[in-house]
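I opened this notebook to record what I looked up in a structure that was new to me.

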Amino acid sequence: MKARIRCLIAAFALLAAVLPVVGQVELSTYEQLLASLPVSDLVRTLSALEAGLSQPGFPATQVESLLRVLIATPGPDSDKDDIVILLVRYIEAGYSVTGLLSAEQDLINAMAEGLPVDGVVLEALKGIAQHRSATVIEQAIDQRLSLLCGVRDLLFEKNIFSTPESQGSTAAGALPESRFNALLTNIADTISDFLEGGGSPFDSDLLYEQVEDRLTKLSEGVSPSIPGSDVALVLERFGPDDLKRVALAAVS
Amino acid sequence: MMTNHDLDDVLRDVLRHEVAQELPRLSALEERVVEELGERVPHRGFVGHLRQMLAPTRGGRISQLAIVGATAAAFLVLGFFLSDRSLPLVDPSISSSGLATTSNQDVLFVVPAPDADSVAVVGDFSNWEAVPLTDDNEDGIWTASIPLTPGRYEYAFLIDGLWRGQDLLADEHVENYGQFTSVRYVSGGDGA
């Protein structure tokens, strides 16, 4: 009987010694993964991840999984870099990465759908610069992604869609991808700014004016991706009620 | 006994005498007062005036509004003098196609902060990381010139680490996370 108990204790001791090793992720693992990603600042990224590994509760294996998913997901290099930058800045600023993982996965999914996520990441980085709480930043990511989806669907509904860059504009409403994405990002950003600034979705005329104002300013020699003809197309096909519908969906 | 009429005469004579005695001292009094006041006013220079305008004052809403107004005026004057130092917003050169070119322009960020130890600008052009401003001549005006391609840029100043999102030189302001952020639209050059 005593021998059995000794064996049991020895087995537990062995498990206790082995388990942390099994769950541990080495920095070299991250280094190998990052070699497959278009990371703009590898040294800084590794340094942040190393700092993360030394923190108690750092979700090392989940971060590893996230990087693997990011590698496997098709998308623009700049967007992938942005997603890694957000992770790095979270660690550097001392936020809990656990909550961010879900938002990062949402960003990767959106990127896989062809949505331009760079503006969403920038908004999150702005939140970090303002020392907002992680929860508030993750909510902002969620709302901005929701608006991107809503505005993209609205553009499709109005027969405005993107074509491969090389194909150019083949028909009215068929825009090269960069021009389509520029419209999408700026309309979604304007709605988001409007809502965050205390605007009501029901004040749709004012919201429409703000979208018109921003797109017009951008088309007047500011953004190469937004010519006046694209702005005219949007303003002709969109109405205040369309924007209200998208804004309401984002806040509900 | 002296009558009231006699007393009036005496007083009139005394006053006439007094005025006659003081007349030389009264001559050119206004000019001398103005001259003396001029000597007593310290010469603060531009920074001194800015300090005075930005200094906290007692009083209610009216004096606060006066400070805001004075600061706005200072920025307008500042903007006027700096307009030939490559402020991009007044650059009218846009390509004939109506589309902006993508050449970099040095965009000047300027903020008066006479009492600050450190000033930086954060914006989407730097992934919201601080870019330091400098005040080499220690006149309280902090500046940084940042090359930017045409586009719409959001930014804020960090004055001693505190967020200042309402730059008076901005084209517009937006409110995110409960704080204001400044926005500039940088137009394209001629592509040269």
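The entries below concern one residue, the contact between two chains, and one chain as a whole.

I noted that this is a predicted model, in which local features need pLDDT of at least 70, side-chain atom pairs count only at pLDDT 80 or more, and totals for chains, interfaces and linings use all residues. Residues are numbered from 1 along each chain as its sequence is written, and chains are lettered from A and ligands numbered from 1 in the order in which they are written.

Entry on Lys217(A). I located Lys217(A) in helix H10 (residues 204-219) of chain A; helices (H or I, at least four residues) and strands (E, at least two) are DSSP runs, numbered from the N terminus. I recorded Lys217(A) as buried because 20 other C-beta atoms lie within 10 Å, the cut-offs being 20 or more for buried, 12 or fewer for exposed, and partly exposed in between, with C-beta atoms placed from the backbone. Leaving aside neighbours within four places in sequence, I found Lys217(A) in contact with Val222(A) and Tyr185(B); contact requires C-beta atoms, placed from the backbone, within 7 Å.

Entry on the two chains. I read that the contact takes 21 residues from chain A and 22 residues from chain B. On the side of chain A that touches chain B, H7 (118-129), H9 (177-196) and H10 each supply at least two residues. H7(A) gives the largest share of that side, six residues.

Entry on chain B. I found four helices and eight strands in chain B. Of its 192 residues, 20% are buried.

How values were computed. Two residues are in contact if their C-beta atoms, placed from the backbone, lie within 7 Å.
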